[in-house]
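Please open the structure in your viewer and keep the selection panel at hand. This tour tells you what to select at each stop, and then describes what is there.

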Amino acid sequence: MPKAPVKVKELAAQVRVSSFNEVVCGYSQAEALVEASRCIQCKNPNCISGCPVNINIKKFIYQITQQEYAGAYFTIRETNNFPSICGRVCPAEYQCRKACVFNKSKSSYSSPEAINIHFLERFIGDYGLEHNLDVPQKDNLSKDKAAVVGSGPAGLCCAGELARNGVKVTVFEGLHSCGGVLRYGIPSFRLPREILDAEINYLSKLGVEFKTNLVVGKSVSLDELLRQGFNKIFLGLGAGVPSFLVIKGENLCNVYSANEFLVRVNLMSAYKFPEYQTPVNIGKNVLVVGGGNTAIDAARCALRLQKIQGIKPSVKIVYRRTEVEMPARRLEIQHAQEEGIEFKFLVQPKEFMADERGFVRQLTCLKCQLGDADDSGRRRSLVIENSDFNLPCDLAIIAIGLKANQVLTSSTKELKTDKYKDIIVDPQNMETSIKNVFAGGDIVGGEGTVIEAMGMAKKATAGMR
Amino acid sequence: MKIIAKQIIADHLGVRITSLCVAAPQISQKALAGQFVVVMASEKGERIPLTIVQADPQEKTITLIFQEVGLTTKALGALNAGDHLYSLVGPLGQATPIKDYGKVVLIGGGVGIAEIYPVAKSLKQAGNHLTIIIGARHKELLILEDALKNIADKLYVVTDDGSAGEKGFTTSVLENLLSEGKYDLVYAVGPIPMMHKVSAITQASHTKTIVSLNALMVDATGLCGCCRVTVAGEVKFSCVDGPEFDADQVDWEELSKRNTMYLDKEKHICKIKI
């Protein structure tokens, strides 16, 4: 009879919505031991291939049961440079946990019985950070000088892999602060800034140099980087450009892209306005359009802003399919529900209406129903004609997806892109149409998860060494 | 990012326009007319876009000119030579399409005068005949008059109160010019109502008109969409697609409304001491 999964401690919903403090507290040593002991050490484990970077999950969990925490840390670090980040943001229920033998679910995500691999990974990652465990690094053997463009998950991962293998790496970041989507997109209540800073600092310790405020394609061209002696270049440009609904009233005041709202709140700390000087507006009736992690992050940030400013919380997520089809992590959906965020399923926005000053006051919607499965396996949403209804809305956040950032690709003609303006690579080694220039992450193949980006970066690194 | 020199170039009844010369080794080599940088005065500050008024590749500096209106521009104005900006990134945005158009009118209103200066210089070098109209509320707020006089084939100066040049508005001068002769390009930077009016005037005579928009921005690299404007019925991002657009295609009403989005917050933050 398998033991029940160990529940992770969390801040109570009514407490956590008043701050941006981390929601999930993580396992204690005792809890980690019990959870690890649930693993039956399958002879042929599926979890490892369920992980985009193939962490030796079986081994590190065994090491936890033996209380060899440092050993477990090194096991993870062999294939993943950022256990404290991935343990927090990986959609494990769609990946390693889905492949776990204890998973009873047939849907796209695992049932709760699957081993909480991500919480164990986080426990070990944090153990390593707390104990300042340094990973052995090869001497500076390589004559290569690598440039990594973009400091998001793909770029950081690539930089870490190269540095550990003795390559001199410089990371170029356009913003004033590193981390890409980990910093501007994912809120601190999911990924505390100290953790992100610590993981980036770990790369600095490996000798990685970071150059912020440099937009490659504007401040410096790809060609110039090659001429400056960077003989291997990795492009982790991300999918940074927000998509819009293309409906009437979408440019009214207080209609935000999720990116803008999150950049203001997370990167610029607008929730601490006026101590931090970037403003962000908040409303009494906030609507968030979309069903992914970005939508949930934006909704939870909005709810916290309402709380902090003494507004009675009212945030609704409007999604054209149902909960089952939502691409968001299950834990985030659950957290959002606990915090009082309302979900309006099978609803498609039609038009934003303005007040006399040009601020949004209402969203007209259409009702939908589910149709057959589409190419992605999810059931389509079909609009029901003449089903118009109105929702009050004085602040809207559009979180319906992201497209490729073209600042670099549009200024680098030799760099081949597809119809989505994503960079075309050789799937074997992630090399682009330009020799010695590699790419990975969301700029290749569109929006994915943090760990998928890291998986691509690792593959590229193999080709770059 | 070190401030090499600072100069208060206009100061009248609490309105102050400041010029900062900043060390920017890379930006100064790359900057083209019409492009801008994003600056942060301090770690807790906002990111704001400012036009690159001058770039000196030899001295490795750029010059930024701004009116101290909001908290961030006031914070920038409080910095002195020797201080450092917290963040400086650029050159961003598309450069002005410079070629020999023929006869060009450039119009600068208020601090917009600083923004037409680099474009005027480049257009002059490309062989254009330049008629430049600059306007301000009062003579003390007129900037770069001498510099522009040097490159203009004809310079018109107007002030709201008649304290310098003609009393009146830049747009009236433009109207007269267009009624008397034909011009190949009009280039205008200033307050939204001025640019909107310019657009209306030049549309009547079918004169190609470029404006540089002052939409609000955050990252200014195409990430956030804060600066989106409707141009020819399509949504464009001022930061990466602009900041310059054909004036007759811009949805001016939408732009002016969007630029009011944080007025309440700005009032609030300017009242308190930080």
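## First stop: the domains of chain B

Begin by selecting chain B, which is divided into domain 1, residues 3–92, and domain 2, residues 103–258. Keep in mind throughout that this is a predicted model. If you mark the C-alpha centres of domain 1 and domain 2 of chain B, you will find them 20 Å apart. Where these two parts touch, the contact takes 20 residues from domain 1 of chain B and 22 residues from domain 2 of chain B.

Now colour the strands on the domain 1 side of that contact: the elements giving two or more residues to it are β1 (3–12), β2 (15–23), β3 (36–40), β4 (48–51) and β6 (61–67) of chain B. Of the elements on this side, β1(B) gives the most, with four residues. When the residues on the domain 1 side are sorted by class, they divide into 13 nonpolar, five polar and two charged.

## Second stop: a sheet in chain B

Stay in chain B and select β4, β3 and β7, three strands that form an open sheet in the order β4-β3-β7 with antiparallel pairing. Which strands are at the edges of this sheet? They are β4 and β7 (87–92) of chain B, each of which pairs on one side only.

Zoom in on β3(B) and β4(B), which pair in the antiparallel sense over four bridges. Here you can pick out B:V37, which stands opposite B:L50 in β4(B).

Select chain A next, and colour its three parts separately: domain 1 (13–130), domain 2 (145–240 + 404–464) and domain 3 (243–401). The centres of domain 1 and domain 2 of chain A, taken over C-alpha atoms, are separated by 26 Å. Between these two domains, 18 residues of domain 1 of chain A are in contact with 23 residues of domain 2 of chain A. On the domain 1 side, the largest share, five residues, comes from helix α6 (residues 83–89) of chain A. That side has 11 nonpolar, four polar and three charged residues.

Select A:I48, which you will find in helix α3 (residues 47–50) of chain A. Why does A:I48 count as partly exposed? It does so because it has 18 C-beta neighbours inside 10 Å, whereas a buried residue would need 20 or more. Leaving aside residues up to four places away in sequence, A:I48 touches A:N54, A:I55, A:N56, A:I57 and A:K58.

Then move to A:A396, which, together with A:V288, has the most contacts inside the largest nonpolar core, a core of 231 residues. Among the residues that A:A396 touches, not counting those up to four places away in sequence, are A:Y256, A:L287, A:F352 and A:L363.

## Last stop: where the chains meet

Finally, show both chains together and look at their contact, which takes 31 residues from chain A and 38 residues from chain B. On the side of chain A, the elements that give two or more residues are β5 (241–242) and α12 (258–267) of chain A, and α12(A) gives the most, with four residues. The residues on this side of chain A divide into 13 nonpolar, 14 polar and four charged.

Conventions:
Residues numbered from 1 in each chain as written. Chains lettered and ligands numbered in written order. Predicted model: local features only at pLDDT ≥ 70, side-chain atom pairs only at ≥ 80, totals over all residues. Contact = placed C-beta atoms within 7 Å. Nonpolar A, V, L, I, M, F, W, Y, C, P; charged D, E, K, R; others polar. Core = buried A, V, L, I, M, F, W, Y, C linked by C-beta atoms within 7 Å. Buried ≥ 20, exposed ≤ 12 C-beta atoms within 10 Å, placed from the backbone. Domains from an automatic or database assignment. Pairing = 2+ DSSP bridges.
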